[in-house]
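Dear colleague,

Please find the structure below, followed by an account of what was found in it. I would be grateful if you read the two side by side.

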Amino acid sequence: MRAIIKGGKTPEGKVNVSGAKNSATRLLAAACISDGEVVLNNFPTHLVDAKHKIRFLQNIGAEIDVDDKNEILKIRSSDLKCQLLEEYDYPIRTTYLLAAAQIKRSGEAKIPYPGGCKIGSRGYDLHIMVWETLGCKVTEKNDYIHVVGNNFTGGKIKFPISTVGGTENALICAAIAVGTTEIINAYITPEVEDLIDFLRRMGSNIEVNGSSNIIVKGVDYLKGTIKNVMFDRIEALTWLVYGVLAKGTILINNVPFESMEVPLLHLKKMGIDFLQNSNSIYFSPECLKNEQVESFELACGAHPGIISDMQSFYTLLGVVAQGDSRIFDYRYPKRIAYADELQKLIDKPVIETEEGKITTRGPGNFIAGKVTSTDLRGSMALVMAALCAEGESVVEDVEMALRGYNNLEGKLSALGIDIEIQK
Ligand SMILES: CC(=O)N[C@H]1[C@@H](OP(=O)(O)OP(=O)(O)OC[C@H]2O[C@@H](n3ccc(=O)[nH]c3=O)[C@H](O)[C@@H]2O)O[C@H](CO)[C@@H](O)[C@@H]1O
Ligand SMILES: C=C(OP(=O)(O)O)C(=O)O
C-alpha cells in the first residue's frame with residue numbers, strides 16, 4: 001500500500017483519539033479465556049493489527065461480531081479450538097498471547113511466530129519460559145510454536161528484564177492456571193494496567209504489590225464482562241506533534257493524560273505551551289512560545305518516561321527546532337532506519353544517526369519526495385513530514401502506519417486534510 005499525499009495544507013478541526021492498539025490487541029487475546037460473552041467498547045476495529053488478530057481467532061473457532069461503526073467487539077470463544085491452519089504468517093507481534101485460550105479450550109496451542117515491527121532484537125524466549133514455568137511443553141516447529149499442556153499450573157515467573165509482552169502473557173496464563181503464580185519483576189505500563197483491570201472484571205484474582213510484583217490466583221471460571229479500551233497515548237502525542245509541525249489549530253479529544261505526563265512535560269520544555277482540560281488538548285500556533293520549537297535532549301526508555309514508540313515524533317520536533325537536539329533510544333537502539341527516509345523529506349542535511357542516538361541540527365523545512373516505510377511509528381513520521389511539505393509525496397508501505405492508526409484517512413479528513421491510500 002502507498003499513500004499519495006498532497007501536502008502543505010494547514011490542519012484545522014477536531015480529532016478523537018481511538019482505543020489503544022497496544023491495549024486493544026491484548027484485551028482481545030485475553031477475552032478468549034472468558035467463559036461468557038465479552039464486549040470491548042472503544043475498540044479500534046479498523047487497525048490492521050486488530051483485523052489480523054480477529055481473523056486468526058475466527059479461523060480457530062471464536063465467534064467475534066465486529067461493529068465498525070460504533071467500534072464495538074463482541075467475543076464468544078467457548079468453541080475455540082487448536083486446529084492446524086494453512087497459514088501461520090501473521091504480521092503482528094503479540095501472537096504469543098493467543099496460547100492461553102487454546103490451552104484452556106483444547107490442551108494445546110499452535111501459535112504463529114511473533115511478527116511486528118523490525119526495530120532490532122525482539123526475542124520470544126521469555127514467552128517460552130512463561131509457558132514452561134507454568135507446566136507446558138513447548139516445541140518450535142517450522143511454521144508455528146507448539147505449546148502442549150492440559151492446563152497451566154501456578155508457578156514463580158521471574159523476568160530478567162522489563163518486558164511488556166512477557167508480563168501480559170504471564171498474567172493471562174496465570175489467570176486460568178491451577179494454583180497461585182507469582183510474577184517477579186513484572187513491567188506494569190498503562191496498557192498492562194488496562195489488562196489487569198479487564199482480567200479482574202472477568203473475575204480474576206490479581207494482587208499487585210509495589211511496582212513490579214504480581215500475585216495471581218488462578219480460577220477455573222471467568223465470567224463475561226464489558227470493558228472500554230483505554231485511549232491511545234501514542235496517538236494523542238502524534239496529533240499534538242502534527243499540530244505543531246503543520247502550525248495547525250487542533251482540538252484533540254480523549255487524551256489519556258495520566259499515562260503520558262513525562263512525554264508532555266518534554267513538549268512544554270520545548271516551548272509548546274498547549275492548552276488542556278481534563279481530557280482534551282487544544283493547540284494553535286499561538287501556543288508556540290517564541291514562535292519556535294526550542295532544541296532539546298531526551299532519552300526513550302521505560303514508562304513513565306518516553307517510550308520508544310514515541311521516539312520518531314520527537315525526531316520530527318528536532319527537525320523543526322532551533323539548533324541541535326539529541327534523542328537517545330536505550331530500549332531499541334536500532335530503531336533509526338526510518339530516519340534516513342525522513343531526511344529525504346527535508347531541504348538540507350539535518351538528521352544524523354548512530355545506534356541508540358539521533359542528532360538533529362535544525363531547523364529544516366519539509367519538502368515533497370518519495371520515501372519507503374521501515375516500521376510503524378517511522379511510517380507515521382514520514383506521513384506527517386509529507387503532509388507538511390508543499391507538493392506531492394509518496395509514502396510506500398504505508399500499511400505499517402495503518403497497523404497503529406485507526407481510521408487515519410477519516411481523522412485527517414476531519415482536519416480538512418485528504419490523503420489517498422492506494423492498495
Ligand atoms: C519494555 C519496552 O520498552 N517494551 C516495548 C516493546 O514491547 P514488547 O512487548 O514488544 O517487548 P517487550 O517489552 O516484551 O521486550 C522488551 C525487550 O525484551 C526483549 N525480549 C522480550 C521478550 C522475550 O521473550 N525475549 C526478549 O529478549 C525484546 O527483544 C526487547 O528488546 O515494544 C513495544 C512496541 O514498540 C512497545 O510498545 C513497548 O513499550
Ligand atoms: C512497534 C510497535 O508495535 P509492535 O510491537 O506491534 O510491532 C508500536 O506499537 O510502535
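UniProt, in an unreviewed entry, places the feature "domain: Enolpyruvate transferase" at residues 6-412; UniProt positions are given in the numbering used here, feature names are shortened, and annotations may be inferred rather than shown by experiment. The end C-alpha atoms of residues 6-412 lie 12 Å apart, and the span is 31% helix and 24% strand. Helices (H or I, at least four residues) and strands (E, at least two) are DSSP runs, numbered from the N terminus.

This is a predicted model, in which local features need pLDDT of at least 70 and side-chain atom pairs count only at pLDDT 80 or more, while totals for chains, interfaces and linings use all residues. Residues are numbered from 1 along each chain as its sequence is written, and chains are lettered from A and ligands numbered from 1 in the order in which they are written.

The two ligands

There are 21 residues around ligand 1, and Gly123, Leu126, Thr163, Val164 and Gly165 come nearest. A residue is counted as near a molecule if its C-beta atom, placed from the backbone, lies within 6 Å of it. Helix H4 (125-133) and helix H5 (164-175) are the elements that give two or more residues to this shell. By residue type, the shell around ligand 1 divides into 7 nonpolar, 9 polar and 5 charged. Here Ala, Val, Leu, Ile, Met, Phe, Trp, Tyr, Cys and Pro count as nonpolar, Asp, Glu, Lys and Arg as charged, and the others, Gly among them, as polar. Ligand 1 lies between domain 1 (2-18 + 231-422) and domain 2 (80-228), because both give residues to its shell. The domain bounds come from an automatic or database domain assignment.

Around ligand 2 are Lys21, Asn22, Arg93, Gly116, Cys117, Ile119, Asp309, Leu376, Arg377 and Gly404. Two or more residues of this shell are given by each of helix H1 (21-31) and helix H11 (376-388). The shell around ligand 2 divides into 3 nonpolar, 3 polar and 4 charged residues. Domain 1 and domain 2 each contribute at least three residues to the shell around ligand 2.

A residue is buried if 20 or more other C-beta atoms lie within 10 Å of its own, exposed if 12 or fewer, and partly exposed in between, with C-beta atoms placed from the backbone. At least three residues of the core come from each of domain 1 and domain 2.

Helix H7 (residues 233-245) is mostly covered, with 13 of its 13 residues buried. At 1.5 Å a residue, its 13 residues should span 18 Å, and the end C-alpha atoms are 19 Å apart, which agrees; the expected span is 1.5 Å times one less than the number of residues. Lys247, which follows H7, has a positive phi near 50 degrees.

Backbone exceptions

Most residues other than glycine have a negative phi, and most peptide bonds are trans. Asn42 has a positive phi of about 55 degrees and lies in the loop between strand S3 (38-41) and helix H2 (48-59). Asn42 counts as buried because 21 C-beta neighbours lie inside 10 Å. Asn407 also has a positive phi, near 55 degrees, and lies in the loop between helix H12 (399-402) and helix H13 (408-414). With 18 other C-beta atoms within 10 Å, Asn407 is partly exposed.

The peptide bond from His303 to Pro304 is cis, with omega near 10 degrees; Pro304 lies in the loop between strand S17 (297-300) and helix H9 (311-320). Another cis peptide bond joins Gly362 and Pro363, with omega of about 0 degrees. Pro363 lies in the loop between strand S20 (357-362) and strand S21 (370-372).

Yours sincerely
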